[in-house]
Amino acid sequence: MNTIDAIYTRRSTRGYLDKPVDKSSIERLIIAATQAPSAMNTQPWAFGVIEDKQKLQEISDHTKAYLLSILDMASALEGYREALQNPDYNIFYGAPVLIIIMAKPDASLDPKIDCSLAAQNLMLMACSLGLGTCWIGFTQVYLNTPEAKIDLGIPDGCTVVAPIIVGYPETKPITVEKNPPEILFWR
Ligand SMILES: Cc1cc2nc3c(=O)[nH]c(=O)nc-3n(C[C@H](O)[C@H](O)[C@H](O)COP(=O)(O)O)c2cc1C
C-alpha cells in the first residue's frame, strides 16, 4: 500500500480478530513511529507493549472505574456513562496489542506534539500492513496515575501520550466522513 492509500484508508478499528500480531510486525510499527519528525530532533518518545490479555482486561476495568469516579468533574465524558458502567464494554475492543507511546522528561519543549506525530506514523504503517488501530484516549488519564505507572513500570517523569490498540480487523472499519478543510487564509 502506498502512503496516499494509507492516509485515506486508515480508520479507527473497534472490532478485532482473536489473532496475535507477530513480534516483528510490532517492531516494524515502533520503528516507523521513530521515523517521525521531532522538535530539535529530540526524539522524546519511549514505548511500552502490552499483549497479556489479563493485563489488558485489568487496565480496561481500572480505566472505566477511574473515569466513572471523575465523571462529575469531566462533563465532556457524560455521554459515555452508560458504556463505562457496562461490564461487557472493553475499552480496547478485544484488540490483542496495546502500544503505549510515552513522552520522556526534559527532552523537548512540547514532547506531546512529537509523540503524536510518532503515533500517526505508527497508525499509517499498521494500515499498510493490514492491521487496524485506534488511539484510546480513554485510558490516557488512568495510565498517568501513580498507581498505573508503578504497576506497568512507567518511569515517574514519563507521560503517557498515545495508547494505541493494534490488531487484525474483524470487519472493515466505518469510514468516518471528514469535513472539507476550513481555510482561514491563503494570501
Ligand atoms: C486523542 C484521541 C483520543 C481518542 N480516544 C478514543 C477512545 O478512547 N476510544 C475510541 O473508541 N476512539 C478514540 N479515538 C478515535 C477517534 O474517535 C477517531 O479518530 C475519530 O472518530 C475519527 O475517526 P477515524 O479515526 O476513523 O478517522 C481517539 C482519537 C484521538 C486522536
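**Close-ups of a predicted model**

**View 1. One face of helix 2 is tucked away.** The buried residues of helix 2 in this predicted model are Ile26, Leu29 and Ala33. Look down the axis of helix 2 and these buried residues fall within an arc of 60°, so they line one face of the helix. Here's the background: an α-helix has 3.6 residues a turn, so residues three or four places apart point the same way. Over on the other side of helix 2, you'll find Ser24, Glu27 and Ile31, which are exposed. And what covers the buried residues of helix 2? The cover includes strand 1, strand 2, strand 4 and helix 5.

View 2. The strands sit in the order 1-2-4-3, and their pairing is antiparallel. Strand 1 (45-50) and strand 3 (132-135) stand at the edges with a single partner strand each, so one side of each has no neighbour in the sheet. On average, neighbouring strands here are turned by 25° against each other, direction ignored. Zoom in on strand 3 and strand 4 (residues 159-167): they run antiparallel and are joined by four bridges. Thr133, for instance, has Val166 in strand 4 as its bridge partner.

**View 3. Two helices lie across the sheet strands.** Helix 2 (residues 23-33) lies across strand 1, strand 2 (97-103) and strand 4, and runs at about 25° to strand 2. Helix 5 (residues 111-128) lies across strand 1, strand 2, strand 3 and strand 4, and its angle to strand 4 is about 5°.

View 4. Asn41 lies in the loop between helix 2 and strand 1, and its phi is near 50°. Is Asn41 buried or exposed? Asn41 has 9 C-beta neighbours inside 10 Å, so it counts as exposed. Tyr93 is in the loop between helix 4 (81-85) and strand 2, with a positive phi of about 50°. Tyr93 has 18 other C-beta atoms within 10 Å, so it is partly exposed.

**View 5. Here are the residues around the ligand.** They are Arg11, Ser12, Arg14, Cys134, Trp135, Ile136, Gly137, Phe138 and Val176. Sort this shell by class and you get five nonpolar, two polar and two charged residues.

Notes: Residues numbered from 1 in each chain as written. Predicted model: local features only at pLDDT ≥ 70, side-chain atom pairs only at ≥ 80, totals over all residues. Near = placed C-beta within 6 Å. Nonpolar A, V, L, I, M, F, W, Y, C, P; charged D, E, K, R; others polar. Pairing = 2+ DSSP bridges. Axes fitted to C-alpha atoms, helices over the stretch in contact; angles between N-to-C directions. Contact = placed C-beta atoms within 7 Å. Buried ≥ 20, exposed ≤ 12 C-beta atoms within 10 Å, placed from the backbone. Arc of directions from axis to C-beta.
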